[in-house]
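Subject: Handing over a structure

Dear colleague,

I am passing a structure on to you and would be glad if you looked through it before reading my notes. What I found is set out below it.

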Amino acid sequence: MSTRTTMDGNTAVAHVAYRVNEVCAIFPITPSSPMADVADEWASAGVQNIWGNVPVVQEMQAEGGAAGALHGALQSGALTTTFTASQGLMLMLPNMFKIAGELNSTVFHVASRSLATSALSIFGDHADVMTARPTGFALLCSASVQEAHDCALIAQMATLESRVPFLHFFDGFRTSHELNTLDLLSDADIRAMIDDNLVRAHRARGLSPEHPFIRGTAQNPDTFFQAREAVNPYYERVPEIVERAMKRLATRTGRPYRLFEYDGDPDADRVLILMGSGSETARAAAAALRTAGEKVGVLQVRLFRPFSVAHLLAALPEQVRRIAVLDRTKEPGGAGEPLFQDIVTSLAGAVARGERTTMPHVIGGRYGLSSKEFTPTMAKAAFDELKAVKPRGNFTLGINDDLSHTSLAIDESFQIEKDTVTRAVFYGLGADGTVGANKNSVKIIAEDAGLYAQGYFVYDSHKSGAQTISHLRFGPEPIEAPYLIAQAGFVACHQFVALQRQDLLRVAAPGATVLLNAPYSAAEIWDRLPRPVQQTFIDKKLRLFVIDASAVAREVGLGSRTNTILQTCFFAISGVLPREKAIGYIKESIRKTYARKGQSVVDKNFAAVDGTLARLSEAPVPANVTSQIVMPALAPANAPDFVRTVTARIFAGLGDEIPVSAIPVDGTFPSGTAAFEKRNLSDTVPVWREDLCVQCGQCGFVCPHSVIRAKYYHEDRLAGAPDGFKSAPVNARGYPEARFTLQFYVEDCTGCGLCVEACPETSPREADVKSINMADKAPLLTAERAAIAFFETLPVNDRARVDFGDVRGVQFLQPLFEFPGACGGCGETPYLKLLSQLFGDRAQIANATGCSSIYGGNLPVTPWTKDGEGRGPAWSNSLFEDNAEFGLGFRLAADKHLALALSLLAGLADKVGQDLAEAIAKAPQIKESDIRAQRLRVAQLKARLLTIIEPNALDLLSVVDHLVRRSIWIVGGDGWAYDIGYGGLDHVLATARDVNVLVLDTEVYSNTGGQASKATPLGAVAKFASSGKRTARKDLALQAIAYGNVYVAQVAMGANPQQTLQAFREAEAYAGPSLILAYSHCIAHGIDMRHGMQQQSLAAASGYWPLFRFNPVMRTVDENPFILDSPRPRIPLKAYAYNELRYSSLARSRPEEADALLVMAQTAVTEKYREYEELARRDGSRFHPDARGAVAQPPAAKMVAPRHRDAIQTPGE
Amino acid sequence: MALTTNYLGLALNNPLIASASPLNSRLDNIRRLEDAGAGAIVLPSVFQEQIEAEADQVSARIDAYAESSPEAQSYFSGAIANPYGMGPDSYLDLVRRARAAVGVPIIASLNGSSRAGWTDFARLIEQAGASALELNMYHVPTDLLESGQVIEARYSEIVEAVCGTVALPVAVKLTPYLSSIGHFADQLVGRGAAGLVLFNRLLEPDIDLSAMKLTDRLELSEPEEMRLPMLWIAILSGRTKASLAASTGVSDVAGVVKYVLAGADAVMTTSALLRHGVGYISTLVGGLRAWMDEREIASLDDMRGMMSLLRSRDRNAYSRANYIKILGHYAAP
C-alpha cells in the first residue's frame, strides 16, 4: 500500500533512510541539512523505524566526525546512515575508503552540491560525488523526488545484499528542495523489501569480544595489493543485485527502474546520456523532438559505480551514431568529464571486443553547474549539435562562454510545456509568507484536489529582505519538469516595489493573469506602473488583478500577515481549481493549521479569505502606455564600471546572462559594493532629534548595518547644506565652532530599531520620545537623500584626532563594513563593523564559512569596503573547517614578508637613507598615531625605492606594505570555533603567533538553520537538541586561558560596549594569539530582535555571560591577568533565558523538564561565576608566566607591557 | 467544628481558596496548597488575548525569517515551531495535571476577548477536567462611545453563552466599576452564573517619571482594600442564590473572619500567599478555627452572613448613611 502525498526530496529520502537504520550520524550542511533535521525531529518525537525502535540520531562536530562515528557504528554491527553534501562529503572521504574497503553495508544520502573553488556555492552539481568515485562506494543517482524516495530503499536493499556501501545522490536543491507529488512507501512496503537475514548478517560481522577478531590492520607490500583485488567479486555482483532490488520494488509498487534507463526512439541515431534531474528535462525535450519526427533518445544513468558496461550496452540502441554525454561537473584539464570518459571507454571496449560494430561519435559537455538552469531548450541544443558535420566536444550549455567559445547556441523558441499544466510564478519577499503559502497551495492541490503538483523556490542571497520566487506547476499527470518556469499563465507580485526594479513580467506567457499586491485600487493601479511594465501588459495582452492585501490583513486583525489573502487570490483567479471548491479547500486548510491556536485565529483567517474575495478586482488594461515612471538605474552612474556592468545585472536578476569573459577568473571581486545596492527594505527608519542627543555614539555602535554615521566639522561647512540637514553644536569642551551630525542612511536601513533601544536619552517633556525615534520613511526619503549626499561631502574625521578608547570617539571612525544583507538587527555585524572601524585599514580577515561569510561575501555584493585612501579590510573565505589555519597562514606570510622587508631594508639603508630605514625598523606601531606615522615613512620609502634600479629595491617594493603592522583577524561562528574548526583553532592558539580570533557566538549553527553546537547552552532547544540541550556549553575561554599565552576576552556589546571596545583594542595590540568570544543575539534564539542588545545585557546581568578579559601581558608586571568586568549576577538566569523561545518553548511543552534544566543551568551559572571570581581574586603569580619572550617576534609587532592597565586606552591624540 | 462550606455546589473542607495567581501554575505549589489546607485552588487566569498574543509573538519570531534563505527553511526545531505547548495546550495540561495531583477542587480561570474565545476555551477547560470555571470579567472601557448598558449586556451574553456550553458550575469574577452591582449580579445569576467573585482588582499602570513611560508593576492588595468587596458581599448575602466568594485584601485571619461574617461562602487570597508563602493558608485556616472556637461557633454555616445586610440590625450602616457617619467621625488633622 502506498500513499499519495507531497514532500521535498530531502524529506522523501530521509523518510526511508530513517526507517531502515538504527543510527544516524549527522552534521548540517546545505542542501542536505533538512534530512538530518527531520531525522532528529522524528527521533525526538519517538517515530519508529520498521523494526519498531527509535533510531539514535547523533550530531557530530564535523562531517569527518560523522563519518568516523558511522564507521564505528557499522563496525559494531548497527545499521547506520548519514546525510551530507559538498565539502561535507570531502571530509568523509578518508573514512569512505575504509568503510568500502571493509565491505560495510551502509548508504550515504547526498544532496549533491558544488565544491568550493574560486567561490563557494551551496547549489547543486555533481562535483562532490565525482570526487568520491575512487572510494569504493557504489554511486546510485536519482532524478526526481519520487525516484530519490524509491532509490533510497533500493540502495539500502542493495548494500545489505552486496556488502558494498552505497552513496545515493540526487541533485541538490533541484531535487532535494523540490516539492512534488509522490507515492509514499508505506512502512509495510519498506519492511517487505528488507531481508532481516541480511540485517542479522550485518550485525554478525560486527566486532564483539564474544568472538573476537581484528579488522583494520596495517599491511605491507606483500599483501595490500591482493587485498584490494580480493573485493572484486563483491563489486561484480552489485549491478545484478541493484537490478534485482529495482525489480522487487517494481513488483510491489508498480514503479520500474533500471540501471540505465533508455527512453526514446528504438532506432535513435542521436542520444543524450546523463544522470540526475537533467534526465527528466532531456527526456521531455526528446519526446517533443520525436513528435517532430527526429530519431532521438535519452539514456539516464542511475548506477554510476560500479559502472556496468554490459547493462549500458544492453540499454543503448545498437544503431546510435551520435552521442552527447552531459556531465554536471567540471574536471579542469581532463580529457573529458567523468561520465563522458566512462561512456567512451565502455563503447571503445565494446567495439574492440567486437560487441559493437561501430564506434559512435561521442561528445561531452557540461551543464547545470551550481544549479544553473538546464532546460529542454538546452537539451535540444545538444541534440542539434549532434546533427552537425563535426559536432563540438567539450561544450557547455546554459551560459554564454564568450571566452573559450564552448557554449552551444540555444533556440529559445523551443517551448514544450503542455497546456494541461498550470504554471504560476510568485515574487515575494523572504518571510512575507509567500513561500509558506505556496507550499500549502501545493499540498492543497495535490492532496485535497488530487492533481499532481510541483513547487520549487528560488531565494536570493540576502538574509534580510531576500527576494523569493516560487515556481508552481499543477496538472492531471505527474510533473516531470525539473526546471524553472519560463512561461507562466499566472504571475503574482507580492511586493509592489519589486515590479519597479525588475522585469518580473518576463516569465508571463501571452494572455497570462497577473496579480499585483499594491496599495492602490483597480482604478489607480495602471498609472502606478512603470512605463516598460505597461508596455509588457499591452504587448502580451496580460490581465491585471489588484489587491491591497495589507489593508485586508489590517481590517481582519491579521496584522502584517498577508499570506492567506494572497493565496486566496491565487485560487480565486488562476483557475487551477473551480473557485468555490478551492476556497473550501483553503478554509479547511486554515482550520487544520490554526485550530490549535483557537477559533478566533481561524475566524480571522476565514474573514481574510472572505475579505479578499470582496477586495480583489480586475483592473482595465488600456490600449496605450501612459506612464511617465521609468525603471530606476540599478547602480548609480558614478559606480565603478564593474558594478554597472556586472554587479547591477545580478541586482536585476539577470546574472545568468553575464558572459564568461565578464567574470573574474580567480574569484577576485571589488570591495564596497553593498553601498550601491539601495534596497530600501524598511518603511520605517530612525529619525534624529538633535536637540535631545548627547552624542554618546551608542546608536552607531550597535547599528548592525552601519547605517548611522557621525561626523564633526567646522560650522562654516554648513554653508550650502540642504534644507532639513540636521546638526547640533559638539557637546564637548574645546570645540566652540564645531558642529555634530548624525546621519542615517535610510535607504540601507532594515528598520531593526536597535538604535532606538540603545539610545539612552529620553525627552524630558514628551512621552516615549528619545533622541532617536522611528518614523515613516516615505515622507522623509527625498530630504534624506539630499542630506546623505551633503553629509558625504563633509570630511571624514581624522583618525589621529579621534579617541579610540571611548564609544563616543569610535562613532567618528569610518566603518569599512557597511550595509550587510544580514538579518535585520543582527547581533554579529556590529562587532565586525567595530573591527573595521578600529583596524580595517590594515586588517586581513580570514572568515569561516557561515552567516558571516554569506553576508560578508555572497555575490552580488560585499559590505567590506575601503576608506578614502583606498585602504580597507582584505577578506577571504577558505572553508568552514580550516579557518583558523587559513588565518594563521596569513600571519605566517605576513611575518615572513615583514622579516624579508626588514632584511631588504637593512641592505638598502644607505640608499634609502639610514635615518628612514632605522625609523621604519624601530617604529612602535600600537597607537593609531604610530600607525599613521609609519605609513608616512613607508610612503617615503616607496618613493625612494622607485628611484633605485636594482632587484633588491623591487623585491622590497613587493613586500614593503608589511612594514605597516598588519592586523590579522580570524572570524567565524561558534559552529566553526567550537566544533568543526576547533582542532585547528586550538592549534593556532597554541602557536603563539599574533592572530586575533573573533568568535561571533550565536550558540547555534545560525546559517544552516539553528542546529546545536557545543556552544549551545544547557536547557536551550535547538535543532538536534529538540528536547533541550542536556550538556553544558563548552567553556572555550577557560580552555584558551589554560595556555597562559592567549589573550582571551568575553564580551557582549549590549551589556557593556566600552568593555567590548577595550577588549578589541587589547586583543589587537597583544603580540600573540587573541581570542574574543562575542555574544551575538540571533534570530535562532527566538527573540524580538529589536531587544537583542537588552538580551545581551540580561545575559551578563544574570551571570550567564560574564564579561572578562585575560591579558597575559599583566604577568610581565606581576599582576593578575584575569579581570572580571561584569558585576555579580543580579538577576536569575530565568529572567534572561525565558525571554527567548529557545528556552521558553521547553517550559511550555515539557514544563517539569524545563524546570529541572533551569535549576541545573542556574547552578552551573552560579558555579561558573564563582570560578571566574576565584580567578579574578588570584594573586598574579598563580598564573602561567608570559612565555612569549621565548618566541621570536617581529620587532614591529612587539608590544611592551603597559605600566598600568589602562595604558593602551587612548592611543589617539 | 465544621469549617466545610459549599461553593458553586462543590463541598470545600474550608472556605479558604487560593485565588488565581502565578503561584498556582506550578504543580509543587498546588500540592503544597492542598497540604496546607486550601479548600480549593483557582488556577491562574488564562487570557485569551494573552494566548493569542503569545501565539502571534511566537509565530512572528518563527515566521520572521522562515523560508527566506536557501540554507535554512526555518531556524527552529520542531519543538519550538510546532504549535504544541502554544495556545491553550499548556493551560489545559496544567488543568489535567493539577486535577491528577490533588484532591481539592481545581477551578480554572478564564478571561476571553471574543465570544468564540470564551466558549471554545470553556469547553476545552471542561474537557480537561476542571471542577469549576471562573470567568474573569476584566475590561477597561477605554472606548468613550461604549455605554455601561452595552458592557453589561455583553457580559451577560458571555455568561449565558459559557453557561450554555459547559455543564461545569461557573463563577463570575466582577469588576467593582459597575453602576449597580447588585442588579447586575442578579442578572448574571439569571443567565446561569453559579457564583460571584467580588472583586477583580484592576492593575492600573503607573507613570515612571524619569523615563516618561507607563509601567505595570504588580502591587499586592492591602487590607484596606477589603472594604469594598466586603460591602457587596454583605449586601448580596442571603439575597442571591449564587455562591459568593470574597477576593481582595485578605492579609490575616481577621480578614477571613470578616468576609465570612459578611456572608462569603469562600474567601480567596493571593497577596497573603505571595507575601508569606503558600503554607500561610494553614495559618489562616487555623486562625479561623481558633476564632470560631473562642466564640463556640460550631459551624461556618452558623457564622456566615452574621453581619450581612439582610441580618444586620442596622441596615443603614451599609447604605449612604454609613458614608456620612464615617465622614462625621473623621477628625481633621
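Helices (H or I, at least four residues) and strands (E, at least two) are taken here as DSSP runs, numbered from the N terminus. Counted in this way, chain A has 41 helices and 37 strands, while chain B has 13 helices and twelve strands.

Please keep in mind that this is a predicted model, in which local features need pLDDT of at least 70, side-chain atom pairs count only at pLDDT 80 or more, and totals for chains, interfaces and linings use all residues. Residues are numbered from 1 along each chain as its sequence is written, and side-chain values use heavy atoms, with hydrogens and water left out.

The pLDDT, which is the predictor's confidence in each residue from 0 to 100, has a mean of 94 in chain A, where 98% of the residues reach 70 or more. Over residues 1191-1213 of chain A, however, the pLDDT is below 50, and this stretch has 55 contacts (heavy atoms within 4.5 Å) beyond near neighbours in sequence in the model.

As for burial (under 20% relative accessible area, with a 1.4 Å probe and protein chains only), 60% of the 1213 residues of chain A count as buried, and for the 333 residues of chain B the share is 53%.

The C-alpha atoms of chain A fill a box of roughly 90 × 85 × 75 Å along the principal axes, whereas the C-alpha trace of chain B spans about 80 × 45 × 45 Å along its own.

With kind regards

Definitions and conventions. Chains are lettered from A and ligands numbered from 1 in the order in which they are written. Buried means under 20% relative accessible area, exposed over 50%, partly exposed in between (1.4 Å probe, protein chains only).
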